[in-house]
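The entries follow in the order in which I made them.

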Amino acid sequence: MNKASLAALAALIASPAAAQGIDETINQIFASSTGWFVTLIFSNFPGTTFPWIVGWLVIAATIFTIYFGFIQIRAFGHALALVRGDYSDPNDAGEVSHFQALTTALSGTVGLGNIAGVAVAIGIGGPGATFWMIVAGLLGMASKFTECTLGVKYRNEYADGTVSGGPMYYMTKGFAERGLPGGKFMAVLFSIFCILGSFGGGNMFQANQAHAQITNVVGPYPGWITGLVMAIIVFLVIVGGLKSIASVTEKIVPFMAAVYVGTALIIIGMNYDMIGTAFGQIFAGAFTNDGVVGGAIGALIQGFRRAAFSNEAGVGSAAIAHSAVRTKEPVTEGVVSLLEPFIDTVVICTMTALVIIITGQLIQDPTTGLFLINEAGDGIQTVTGNSGVALTSDAFSSAFGWFRYILVLAVVLFAFSTMISWSYYGLKAWTFLFGEGQTKELIFKVIFCLFVVIGASAGLGPVIDFSDAAIFAMAVVNILALYLLMPIVKVEMNRYLSRLKSGEIRKFE
């Protein structure tokens, strides 16, 4: 690079106006090119304000719950035993342990959806959105069980010990086994959406909200700088493959979850007299119009929408990570995976919601008790006027002023772990389409890291809309496949549970 180029680059970095101009240009291009896709995915049922994709997810999760006899309740204890390693044989095929597979998948779901997404849901749908998030999490456990069982059953195991699995493999191999047409086409379509999802919700949204939280503490500066730093760090981890990713996530996920949930519990404990009131608002808001945008239906829509984005049950992404587990019993990983929506949504999302509600961030009319709508008419007025991750930061910082600094660390770690997990999901979809090989994998990883920079630079609105649309598009294809293949899962489940009950399957010592 010559002296003139270096001088121009230095001037660009030194000029806040020019640097912010880059952010604005990226934002405008991104918003104009993805609007049609968002509209298609989130269009409403005719004559209603209910997005068809939300109904698609809710109905599927309910059907799987009933079809598998409330497996999320029956197998919960066994799931904990499997994660502890009680039934793990180190000689089984696969790359990672049950615990590593769980933490890898959790790192893709326990993230900014729990911090920023919950705040978005409550900021629009009120406390009642929390109730529907919990319901979606409990039902989603059955969806996760179904897809992850299939992921292990139809995975590809290679001579070098590596594994490739996920919806694209059970769509092709499972459909062929049942004599069903269209498996290859659905697999290709899912892979395309998965790649888009990895660039969107698994990448850009994370970088966007990480930058938002950093600037909330240190002051504004161009987003592309945050994006560039994060992109370099992400690249250094993902070049090592799944084992490198798993070794990082098994350390980061428990640590950041403990810090975040622990602090939330302290704040809730400090305000224990408000717990009853908070749950009263949650239950009342779920079924009544308490002044929020869209009333009870608005709360339901926001609750399910944000829960699905947070735990990804039915999306098919987790099946890719769980496919690499060391096991010869597909059902074991289905059972382990049902813990994800419980930890992610029922526990962590509820903690975030309670802190926001208990600390009084949402403004109510003192006379009527109804929440006040902001000037734009698209959300509830908050004490500081903030939304998303900044609203969560306000809630935690109202109890501990120093916590906003801790939250910066948590947000960055959440974002980082989610990005590296989603890089693996996108990579497996990429190699399914274009074939295995180091060069092909490297091309994807470079493109993925470029989207880290774009995400940190683009505005929250376009990013969150595209993130949701891309991930939900995966669910459209995946759930259709789950419907057609769930009889296979039921056979596997009944066979495994009967052997477990008879004592044929024993703890490994």
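**Entry 1: helix 18.** I looked up the burial of helix 18 (residues 388-397) and found it mostly covered, with 10 of its 10 residues buried. I took buried to mean under 20% relative accessible area, exposed over 50%, and partly exposed in between, with a 1.4 Å probe and protein chains only. The buried residues of helix 18 include Gly-388, Leu-391, Asp-394 and Phe-396.

**Entry 2: basis.** I note that this is a predicted model, in which local features need pLDDT of at least 70 and side-chain atom pairs count only at pLDDT 80 or more, while totals for chains, interfaces and linings use all residues. Residues are numbered from 1 along each chain as its sequence is written, and side-chain values use heavy atoms, with hydrogens and water left out.

**Entry 3: whole protein.** I recorded 21 helices and 2 strands in the protein. Helices (H or I, at least four residues) and strands (E, at least two) are DSSP runs, numbered from the N terminus. Of the 509 residues, 57% are buried. Among contacts (heavy atoms within 4.5 Å) between residues at least 6 apart in sequence, 83% join residues at least 24 apart.

**Entry 4: helix 11.** I checked the length of helix 11 (residues 223-238): its 16 residues should span 22 Å at 1.5 Å a residue, and its end C-alpha atoms are 22 Å apart, which agrees. The expected span is 1.5 Å times one less than the number of residues. Among the buried residues of helix 11 are Trp-224, Met-230, Val-234 and Ile-238. Seen down the axis of helix 11, the buried residues fall within an arc of 140 degrees, so they line one face of the helix; the arc is that of the directions from the helix axis to the C-beta atoms.

**Entry 5: helices 8 and 13.** I found that helix 8 (residues 128-153) and helix 13 (residues 275-287) pack at about 85 degrees, with their axes 6 Å apart. Axes are lines fitted to C-alpha atoms, for helices over the stretch in contact, and angles run from 0 to 180 degrees between N-to-C directions. Helix 8 and helix 13 are therefore roughly perpendicular to each other (under 35 degrees is roughly parallel, over 145 roughly antiparallel, 65 to 115 roughly perpendicular and the rest oblique). Gly-128, Thr-130, Phe-131 and Trp-132 of helix 8 meet residues of helix 13 that include Ile-282, Phe-283 and Phe-287.

**Entry 6: helices 5 and 16.** I found the axes of helix 5 (residues 76-84) and helix 16 (residues 330-337) coming within 8 Å and crossing at roughly 105 degrees. His-78, Ala-79, Leu-82 and Val-83 of helix 5 make the contact with Thr-332, Val-335 and Val-336 of helix 16.

**Entry 7: single residues.** I located Glu-492 in helix 21 (residues 460-502); at 12% relative accessibility, Glu-492 counts as buried. Leaving aside neighbours within four places in sequence, Glu-492 is in contact with Lys-153, Pro-330 and Val-331.

I placed Tyr-158 in the loop between strand 1 (156-157) and strand 2 (163-164), and at 30% relative accessibility Tyr-158 is partly exposed. Not counting residues up to four places away in sequence, Tyr-158 touches Val-163, Ser-164, Tyr-169 and Glu-436.

Phi of Phe-70 is near 55 degrees, a positive value in a residue other than glycine. Most residues other than glycine have a negative phi.
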